[in-house]
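Here is the note on the model you passed along. Please read it with the structure open.

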Amino acid sequence: MAQPLMPHATASWLVDNTSLSFDQIAEFCGLHILEINAIADDTAATKLTGRDPVRAHELTQEEIDKGQADPNHVLQMLKGPDQVRRTKGPRYTPVSKRQDKPDGINWIIRNHPEITDGQISLLIGTTRTTIAAIRDRSHWNMANITPKDPVTLGLTTQRELDAAVAKAAKAAGLDAPVDTRLEGDREALIAELRGQRDQAARDAEALASGEGDVAPTQHTAETLFKS
C-alpha cells in the first residue's frame, strides 16, 4: 500500500485535525500505533510540524469523513505512484541527517550484530569502510558516537529494519525476533486509545456547550501499560 511522502508529519496533522482512530492513522501512514500515541502525547523524539495530506493531494476530505464515520474504514491514498525500488547501492540521505549516520550504525551493530555490513550499508546509506571503523572503534569521531535507533533518527523505516533483521537471522540460522511488547494487549490498547479519543471529543463538546468545566484526561505511553 502506498504511503504519504512524509508519514510522521502527516500522522501529526491527522492526530491534531481529525477524529480518526490511532490505528487508522497508523495504517495509512505505515507507522506503529505506539508512534502515533507518542505523537499524540507530544513524547516523540522530535517536535513535528503537521503536513496536510489533503493539500498534498494524498487524501481527500471525503475519505477522511468516511474514516471518521466508520472506525473500521481503511483510508485510501488519492494517488499512489509506484515506489522506486532500490536494487543496488546505498540510499540517499539528506544532508541534515548525515551526521546521525554513525549513531544509527552503532545502534544496529550493538543491538543486531547478525546484520551484515552490506545490509547496514543499504539501510543507512553509508560505506562499508565507515561501518568497519565503527565496529572496531577506530572511527575518528568514536568518542562522540552514541547508539541511537536509526528509525527514530529518520535514517530508515521500521519495516525495512525489521525485514533486514529477519533476513539476517534466517541467514545465521537464528529465530527471527518477535515483537512481544503488545502481546495479548494489542486489542485492549487499541480499544483504550479509541476510548480516550472519544472521551476527549465529549470533553471538548461539554466545554464548548458550557455544560461544565471538564478537564481532559492526559495519558502517556507509560500510563497505558500500567496494570
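This is a predicted model: local features need pLDDT of at least 70, side-chain atom pairs count only at pLDDT 80 or more; totals for chains, interfaces and linings use all residues.

1. The protein has 11 helices and zero strands, and its pattern along the sequence is accordingly α-α-α-α-α-α-α-α-α-α-α.

2. Burial and surface. Of the 227 residues in the protein, 37% are buried. The accessible surface is about 14,000 Å², and carbon and sulfur atoms contribute 50% of that area.

3. Contact range. Among contacts in the protein with a separation of 6 or more, 65% are between residues 24 or more positions apart.

4. Helix α2. Helix α2 covers residues 22–29. Six of its eight residues are buried, so α2 is largely enclosed by the rest of the structure. The buried residues of α2 are Phe22, Gln24, Ile25, Ala26, Phe28 and Cys29. After α2 comes Gly30, which has a positive phi near 70 degrees.

5. Describing the packing. The next two points give an angle and a distance for each helix pair, because two packed helices are described by the angle between their axes and the distance between the axes.

6. α1 against α2. Helix α1 (residues 7–17) packs on α2 at an angle of about 155 degrees, and the axes are 10 Å apart. Angles over 145 degrees count as roughly antiparallel, and α1 and α2 are therefore roughly antiparallel to each other. The crossing of α1 and α2 is right-handed. On the α1 side the contact involves Pro7, Thr10, Ala11, Leu14 and Val15, and on the α2 side Ile25, Phe28 and Cys29. By class, the contact of α1 with α2 holds seven nonpolar residues, one polar residue and no charged residues.

7. α2 against α3. Helix α3 (residues 33–40) packs with α2 at an angle of about 115 degrees, with the axes 8 Å apart. The range counted as roughly perpendicular is 65 to 115 degrees, and α2 and α3 are therefore roughly perpendicular to each other. The crossing of α2 and α3 is right-handed. From α2, the residues in contact are Phe22, Asp23, Ile25 and Ala26; from α3, they are Ile33, Ile36, Asn37 and Ala40. The contact of α2 with α3 has six nonpolar residues, one polar and one charged.

8. A residue to look at. Ile25 is buried.

Notes. Residues are numbered from 1 along each chain as its sequence is written. Side-chain values use heavy atoms; hydrogens and water are left out. Axes are lines fitted to C-alpha atoms, for helices over the stretch in contact, and angles run from 0 to 180 degrees between N-to-C directions. Helices (H or I, at least four residues) and strands (E, at least two) are DSSP runs, numbered from the N terminus. Angles under 35 degrees count as roughly parallel, over 145 as roughly antiparallel, 65 to 115 as roughly perpendicular and the rest as oblique. A crossing is left-handed if the near helix is turned anticlockwise from the far one by less than a right angle, and right-handed if clockwise. Contact means heavy atoms within 4.5 Å. Ala, Val, Leu, Ile, Met, Phe, Trp, Tyr, Cys and Pro count as nonpolar, Asp, Glu, Lys and Arg as charged, and the others, Gly among them, as polar. Buried means under 20% relative accessible area, exposed over 50%, partly exposed in between (1.4 Å probe, protein chains only). Accessible areas come from the Shrake-Rupley method with a 1.4 Å probe; for residues, only the protein chains shown count as cover.
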